[in-house]
Amino acid sequence: MGWLGSLVVIILTSIVGIVWYFVHLIAQGFTVQYKDEQDFVSDQLRGLLGVDDIQPSSYRPTVEPEYLSGIVDLIETSINGLWLAQFLYMILLLFLFFLVVDIWFIEYPFSFIFNAIIGATIVMLFAYYVTATNSKSLTRALIQSQFSKEESFGYMYQCGFAIVSLLFSLLFGMYVLMYYFNVAVWGGDMKKEEYEKVSILMIGFLMGMILGGFIYREGISMMCRSMKTASFGLIRADLNLSVGNNNISQLTRLAYMVSQQAGNTIVNFLDTGFVLVFLCCAVSQIAINSPEVLDSKNRSAFILGPIYLVCIGYLGSIVCYFLKTMCADQETGSFAALNVRWQVIIAALISFIIHVSFPFSFLIDKFTLKGENTKDIDFEGKSDMHACWCYLLGLIFNVLHISLFEWYTSHGCPNVRNMGLATSDRILPMNLIYSNYLGDLFSAIPTILMFLLISIVYSIEGFAGLLFAASGYISLFIIYGVIFFIGCNSSDSYKLTCFAHFISDVQGKIFQIYWEAKNYMVFLKATNAGTAFLVSIGIIGAQLYQYPTALNSLFVKNEGFLGLFIGFSIMFVCRGINIWGIINVAKSYFIFQPSNEAEGKLNYLKDIRIIEFTKFKYTHSMLYVAYNILFVTIMILMFGSILGHAGSVAIMIGACIATFLIQYTGLIKGTTLENSRVYNEIQDNRKDHHYLMYVSGDTYACATEESNACPLLPYLIYVFCLLISCQKHFAKAEK
């Protein structure tokens with residue numbers, strides 16, 4: 001298969017992904033039911049709300065289907081109500097970036113900002129569709145549960161697969177279109193100078209995605225995590241999320257549900273999208289330094305190689321999709337567990353078989369990476385067989401990594417189980433200390449394995465091998481994304497059953513899915529973190545090839561040491577600003593406002609206060625996001641101009657290592673806190689307090705996992721994009 005065959009595979013799979021998503025919407029009746037959602041939900045849910053199971057002190061409206069449909073409609077309305085504010089913030093951010101950075105530090109300001117606008121628009125479209133689809137899927141998962149948990153699980157799987165297909169198709173499809181557009185308009189003869197411009201413009205596309213992500217991802221994330229943190233006080237005060245509790249305002253309960261529904265899927269799926277496009281841009285940066293690639297007719301296929309590899313993996317995921325029910329089991333523990341584990345194993349095997357069947361024909365037979373200091377850093381390219389080995393190693397190490405993360409945060413691990421048994425409000429500081437210990441201890445082995453992978457693939461194919469390994473490492477993101485969506489949807493749906501007093505049979509079925517799927521949500525987060533690290537090292541290598549800075553002489557200069565310190569500091573300060581923002585936003589959250597009897601009535605859901613409250617909290621959260629953006633931008637531009645190229649590469653290295661360590665440690669200690677109490681309470685058969693255990697376990701982890709780990713990936717990629725885009729300006733300043 002030549003370069004044309006690779007392009008055909010990319011185009012076809014992108015079309016299949018978009019068609020798959022919209023066919024799913026039509027099949028589920030979404031396009032029809034958007035107009036009369038409340039009536040539809042009311043008709044479907046009448047049999048799922050049991051009058052006999054309601055406590056005498058509970059409000060009567062909680063058993064009425066109209067009440068529940070009103071809640072779901074309010075959740076969607078509240079998030080969609082942010083659309084205009086988000087759009088205006090995005091326009092303002094792009095304009096300020098153009099005035100402050102683009103004109104002064106980037107050689108091609110107008111074409112760069114054009115690509116950035118396209119990237120930001122793609123993020124806006126994806127965020128809109130995810131919000132709409134996710135809000136509707138809450139009730140539809142419950143409707144399917146009246147038949148069996150397998151039906152509900154299957155629906156969540158279908159919905160998750162459709163959303164991940166949309167993410168994959170939108171990002172890759174638009175990236176390919178923008179690549180060929182930039183080549184046609186600005187590529188010229190595609191010599192090194194022209195192609196260098198094209199590669200910078202594709203960085204502009206990624207920069208636009210990150211800037212849009214600050215609005216649609218980071219703003220929502222900050223708002224959600226602050227509400228989640230505030231709910232800790234709610235749990236300590238009342239130990240009850242039900243509508244019948246007179247000490248918690250209904251506005252508080254609804255705001256908590258809105259925050260959880262909005263945040264999880266958008267945040268982590270966009271992180272996956274950022275990492276995928278980051279990988280594509282890294283290949284462009286590497287290819288600048290290879291005259292064989294730039295002179296080859298197979299040039300475009302080589303540059304789009306990661307997209308081709310992921311597309312082949314997507315075809316394997318489709319095969320896996322049709323096999324998803326083969327491990328269905330009636331037992332609670334084994335049903336979701338077998339499905340999850342078999343999905344991962346079979347997806348990995350199918351991916352390997354397909355990639356063996358479809359050889360790496362997009363590669364140049366022999367390519368050489370030539371840098372300014374060829375004696376020190378030049379590394380001759382190897383055959384396509386070596387590239388295939390790098391890809392396979394990335395796939396194998398990813399499966400090893402996620403298995404370790406799953407074990408280190410699961411109830412089966414004795415240390416996690418012991419911590420859960422000791423969990424209580426009275427000794428919370430002890431649990432936090434113990435979780436920090438587990439995070440530091442258990443992150444050691446995955447970190448060692450990651451550096452082992454880097455050493456192996458570098459010895460095979462240099463820095464280019466890291467990018468092939470990254471392609472293999474993230475190749476199962478479709479399956480991980482589906483599993484992550486199942487965890488999010490089942491947990492949000494379960495909270496809805498507790499809030500609206502569903503019959504115990506429905507609660508039990510939803511909880512059985514959530515009980516197993518929740519722990520596997522760490523798969524996607526760990527994969528995003530590991531892939532970002534591999535790609536970052538590859539880009540650092542590309543910078544070393546392109547400019548006269550040798551790696552072995554980098555840290556004998558003052559610029560290198562100072563740059564390394566600055567890179568470390570930027571990431572840790574970003575983390576600190578996030579935590580500071582969460583605490584301040586949570587403090588102003590009125591969780592102790594007493595409710596009154598009127599708040600239990602149906603007409604309360606028509607009140608606009610929750611919508612206005614969500615807008616206010618989002619604006620408050622964006623203030624701290626602005627602090628982070630301003631800090632990172634000023635630090636990068638200032639020290640990049642002072643330290644020159646050598647210092648810029650050192651900043652990349654410092655930021656990369658700091659983010660990697662924070663991500664791995666934060667994910668382990670946070671997920672451990674999140675899961676331990678839930679697992680042990682269920683082990684003790686106290687199932688009548690599921691809602692208490694769920695929220696209590698989550699709130700222990702919110703400041704650890706979400707605040708320390710999740711927000712850093714966009715800022716890391718932003719640092720790299722800014723340094724690469726302004727590199728010529730920094731090099732001139734150095735001279």
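Student: How many aromatic pairs does a search of the whole structure find?

Tutor: The search finds 36 aromatic pairs. Keep in mind that this is a predicted model.

Student: Why is the pair of Tyr21 and Tyr129 called edge-to-face?

Tutor: The ring centres of Tyr21 and Tyr129 are 5.8 Å apart, and their planes stand at 75°. Centres must lie within 6.5 Å for rings to pair, and planes over 60 degrees apart count as edge-to-face. The 75° between Tyr21 and Tyr129 therefore makes the pair edge-to-face.

Student: What makes this a pair that ties together separate parts of the chain?

Tutor: Tyr21 belongs to helix H1 (residues 3-27) and Tyr129 to helix H6 (residues 109-145), so the pair joins parts that are 108 residues apart in sequence.

Student: Which of the words buried, partly exposed or exposed applies to Tyr21, and which to Tyr129?

Tutor: Buried means under 20% relative accessible area, exposed means over 50%, and partly exposed is in between. Tyr21 has 1% relative accessibility, so Tyr21 counts as buried. Tyr129 has 27%, so Tyr129 counts as partly exposed.

Student: What makes the pair of Phe533 and Phe660 stacked?

Tutor: Planes under 30 degrees apart count as stacked. Phe533 and Phe660 have 20° between their planes, with 4.2 Å from centre to centre, and the pair is stacked. Phe533 lies in helix H21 and Phe660 in helix H24 (residues 609-683), 127 residues apart, and the pair links distant parts of the chain. Both Phe533 and Phe660 are buried.

Student: Which residues do ring pairs link into a cluster?

Tutor: The cluster consists of Trp20, Phe153, Tyr157, Phe161, Phe168, Phe172, Tyr314 and Tyr321.

Student: Why is Ser317 called buried?

Tutor: The cut-off for buried is under 20% relative accessible area. Ser317 has 2% relative accessibility, so Ser317 counts as buried. Ser317 is found in helix H12 (residues 305-322).

Student: How much of the chain counts as buried?

Tutor: Of its 735 residues, 67% count as buried. The chain exposes about 24,700 Å², of which carbon and sulfur atoms supply 65%. The chain has 27 helices and 2 strands.

Student: What share of the contacts with a separation of 6 or more comes from residues 24 or more positions apart?

Tutor: Such residues account for 87% of those contacts.

Student: How many cavities of 30 Å³ or more are there?

Tutor: The count comes to 11. The second largest cavity has a volume of about 130 Å³. Its lining has 16 residues, of which Glu196, Ile200, Ile724, Ser725 and Lys728 lie nearest the centre of the cavity. Helix H8 (192-238), helix H21 (522-546), helix H26 (712-725) and helix H27 (727-734) are the elements that give two or more residues to this lining. The largest share, 3 residues, comes from H8. By class, the lining of this cavity has 7 nonpolar, 6 polar and 3 charged residues.

Student: Why does Glu196 count as buried?

Tutor: Glu196 has 11% relative accessibility, so Glu196 counts as buried, the cut-off being under 20%. Glu196 is found in helix H8. Not counting residues up to four places away in sequence, Glu196 touches Ile288, Gln546, Tyr547 and Lys728.

Student: Why is Ala731 called buried?

Tutor: The same cut-off of under 20% applies. Ala731 has 12% relative accessibility, so Ala731 counts as buried. Ala731 lies in helix H27. The C-alpha atoms of Ala731 and Ser648 are separated by 9.5 Å, while the residues are 83 apart along the chain.

Student: What residue classes make up the lining of the second largest pocket?

Tutor: The lining of this pocket has 18 nonpolar, 2 polar and no charged residues. The lining numbers 20 residues, and Leu93, Leu96, Ala626, Ile629 and Leu630 lie nearest the centre of the pocket. About 460 Å³ of space lies in this pocket.

Student: Which elements each supply at least two residues of that pocket lining?

Tutor: They are helix H5 (83-105), H8 and H24. H24 gives the largest share, 10 residues.

How values were computed
Residues are numbered from 1 along each chain as its sequence is written. This is a predicted model: local features need pLDDT of at least 70, side-chain atom pairs count only at pLDDT 80 or more; totals for chains, interfaces and linings use all residues. Side-chain values use heavy atoms; hydrogens and water are left out. On a 1 Å grid over the protein atoms alone, a cavity is a set of points where a 1.4 Å probe fits but cannot get out, and a pocket is an open set with protein on both sides within 12 Å along at least five of seven lines; lining residues have an atom within 4 Å of a point. Grid points are joined across faces, edges and corners, and a volume is the space filled by probe spheres set on the points. Helices (H or I, at least four residues) and strands (E, at least two) are DSSP runs, numbered from the N terminus. Ala, Val, Leu, Ile, Met, Phe, Trp, Tyr, Cys and Pro count as nonpolar, Asp, Glu, Lys and Arg as charged, and the others, Gly among them, as polar. Buried means under 20% relative accessible area, exposed over 50%, partly exposed in between (1.4 Å probe, protein chains only). Contact means heavy atoms within 4.5 Å. Accessible areas come from the Shrake-Rupley method with a 1.4 Å probe; for residues, only the protein chains shown count as cover. Rings of Phe, Tyr and Trp (its six-membered ring) pair if their centres lie within 6.5 Å; planes under 30 degrees apart count as stacked, over 60 as edge-to-face and the rest as tilted.
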